[in-house]
Amino acid sequence: MKRLVILTGAGISAESGLGTFREKDGLWTRYDLNDVATPRGFARNPGLVLDFYNARRANARAACPNAAHVALAELEAFWPGEMLIVTQNVDDLHERAGSQSILHIHGGLEGALCAACDHRWPAPAEMRLADACPACGHAPARPDIVWFGEYPYHMQQIEAALLRADLFVAIGTSGTVYPAAGFAEIAARTGADCLELNAEASAVAPDFDEVRLGPASRIVPEWVAELRAALG
Ligand code: APR
């Protein structure tokens, strides 16, 4: 059981105070994603989009990793084989908990991207319309976030890791957005055991060998403790 791939979603950051998307009071119940999470929305009203991500960046910076993030960082320290966290989240709570091997499939709030020349640089606390790209001078810049209708990052590397995985674990994701929602099916195709850890069963729960329900801050540390005991 040497190669482990973990997919995380908004649910792992919920107990750090960061909102999820599709639950009651979720982000997509308060904002129209077409206005704030699509290229057309940015072209139509870039100021609204920058304000939306400025608020999420401020929330993420004020939040702290919870016991689930910390448990995954501890797991990475004792796990004897390969381990990769693929996160759909744009916060940096995995990094701040100490995890090293992380791929952000939807980008991150701490990055800025030039829509004209693809240059990337660290985002300021608040991105402004007048802030120009340091490389080509184009303004406005956009947050380095993958929006709906855009191709997620690192897909080749992720698919290769899934096909090699012995164990695939999905934590705190509703299983409603592809390609991430299809990862268990890909991993299972080449023999991985699949475990879902969630507050409630996801839309793709049938793709998993085992589903454990509960808050991530409790069930993720419990699962990590089991792995540590099994390794002796
Ligand atoms: N512990 C564990 N799971 C939780 C907790 C918790 N404390 N709170 C909520 N959850 C679970 C919910 O049961 C749900 O399955 O987190 C999931 C949140 O689902 P979504 O809001 O759909 O978030 P996510 O699955 O990450 O969305 C995927 O959709 O809008 C896009 O880019 C966005 O990355 C996001 C993607």
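Trainee: Which side chain has an N or O atom 2.8 Å from an oxygen atom of the ligand?
Mentor: The model is a predicted one. A polar contact here is a pair of N or O atoms within 3.5 Å. At 2.8 Å from an oxygen atom of the ligand, the side-chain atom belongs to Asn 198.

Trainee: How far is the polar side-chain atom of His 106 from an oxygen atom of the ligand?
Mentor: The pair consists of a polar atom in the side chain of His 106 and a ligand oxygen. Their separation is 3.0 Å.

Trainee: How much of the ligand's accessible area does the protein cover?
Mentor: On its own, the ligand has 730 Å² of accessible area. The part of this that the protein covers is 93%.

Trainee: Where does the ligand sit, and why does it lie between domain 1 and domain 2?
Mentor: The ligand sits in the largest pocket. Domain 1 consists of 1-17 + 65-106 + 153-232, and domain 2 of 19-62 + 108-145. The ligand lies between them because residues of the shell around it come from both domain 1 and domain 2.

Trainee: Which helix gives the most residues to the shell around the ligand?
Mentor: The shell has 23 residues, of which Phe 21, Arg 22, Trp 28, Thr 173 and Ser 174 come nearest. By class, nine are nonpolar, 10 polar and four charged. With three residues, the helix that gives the most is H1 (residues 10-14).

Trainee: Which residue does a cis peptide bond join to Ala 139?
Mentor: Omega of this bond is about 0 degrees. The loop concerned runs between strand S5 (120-122) and strand S6 (142-145). The partner of Ala 139 is Pro 140.

Trainee: What is omega for the cis peptide bond from Tyr 178 to Pro 179?
Mentor: Pro 179 is in the loop between strand S7 (167-171) and helix H9 (183-189). For the bond from Tyr 178 to Pro 179, omega is near 10 degrees.

Note on methods:
Residues numbered from 1 in each chain as written. Predicted model: local features only at pLDDT ≥ 70, side-chain atom pairs only at ≥ 80, totals over all residues. Heavy atoms only, no water. Near = heavy atom within 4 Å. Polar contact = N/O pair within 3.5 Å; in protein donor to acceptor, adjacent residues only side chain to side chain. Areas by Shrake-Rupley, 256 points an atom, 1.4 Å probe, with all protein chains shown as cover. 1 Å grid on protein atoms, 1.4 Å probe; cavity = no way out; pocket = protein on both sides within 12 Å on 5 of 7 lines; lining within 4 Å. Sits in = over half its atoms within 2 Å of the grid points. Helix = DSSP H or I, 4+ residues; strand = E, 2+ residues; numbered from the N terminus. Nonpolar A, V, L, I, M, F, W, Y, C, P; charged D, E, K, R; others polar. Domains from an automatic or database assignment.
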